[in-house]
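Thanks for making the time this morning.

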Amino acid sequence: MNEPVLGKKEYLHGWGYKEITWSAFLKLLKAAQKAADTIGFPVFLVGSALHKRVPRDIDISIIVPLKEYEKLFGKIPNNKNDYGKYLGTVFNKSFTSIEDLHFCIDYDLDIKVCPDIWWPEKPKLQLAAPSKDGESNGKNI
């Protein structure tokens, strides 16, 4: 259970490398399930962790259908200069719903709540889906 399954490359100055063991990965799965049940949408492993032995970081995305996403967070801005403020709002509104996912393991995870149009054909691995009794479809945000 303590064999590494994922690792992160070293940051500058030699700090930041840490392997994720199976036991840590199981904790991540448990937190992903809780987040999926709380927020009401599936949780995915995305990015370089899907194809690199030692990825740059571990990306986790809660992917929400566009219509639901804009109901929860407002219309996605057309102007790229407005994205920072908009994504800050998304983070602030969704944080308490997925808080356990942020702190489930002692590791730097990059967690995002994003619309499905950002992941149409990109690879993704589902970590958790809302259970029937936990499905909220964003009502807990």
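**Helix pairs and the sheet**

Helices α1 and α3 are roughly antiparallel to each other, therefore I begin with this pair; the word applies to angles over 145 degrees, while under 35 counts as roughly parallel, 65 to 115 as roughly perpendicular and the rest as oblique. Before going further, this is a predicted model, in which local features need pLDDT of at least 70 and side-chain atom pairs count only at pLDDT 80 or more, whereas totals for chains, interfaces and linings use all residues. Residues are numbered from 1 along each chain as its sequence is written, and side-chain values use heavy atoms, with hydrogens and water left out.

The axes of α1 (residues 22–39) and α3 come within 7 Å and cross at roughly 160°, where axes are lines fitted to C-alpha atoms, for helices over the stretch in contact, and angles run from 0 to 180 degrees between N-to-C directions. Helices here are DSSP runs of H or I with at least four residues, and strands are runs of E with at least two, numbered from the N terminus. On the α1 side the contact (heavy atoms within 4.5 Å) involves Leu28, Ala31, Ala32, Lys34, Ala35, Thr38 and Ile39, and on the α3 side Ser94, Ser97, Ile98, Asp100 and Leu101.

How do α2 and α3 cross, by contrast of topic? Their axes come within 10 Å and cross at roughly 85°, which makes α2 roughly perpendicular to α3. Here Tyr69, Leu72 and Phe73 of α2 meet Tyr86, Leu87, Val90, Lys93 and Ser94 of α3.

Turning to the sheet, 4 strands form an open sheet with mixed pairing, in the order β5-β4-β3-β6, two strands being paired if DSSP finds at least two bridges between them. Strands β5 (109–115) and β6 (124–128) stand at the edges with a single partner strand each, so one side of each is left without a neighbour in the sheet. From one strand to the next, the twist averages 35°. Strands β3 (residues 43–46) and β4 (residues 58–64) run antiparallel and are joined by 4 bridges, and valine 43 stands opposite isoleucine 62 in β4.

Finally, two of the helices pack on this sheet: α2 (residues 66–73) touches β4 and β5, its direction making about 100° with that of β5, while α3 (residues 83–102) touches β3, β4 and β5, its direction making about 130° with that of β5.
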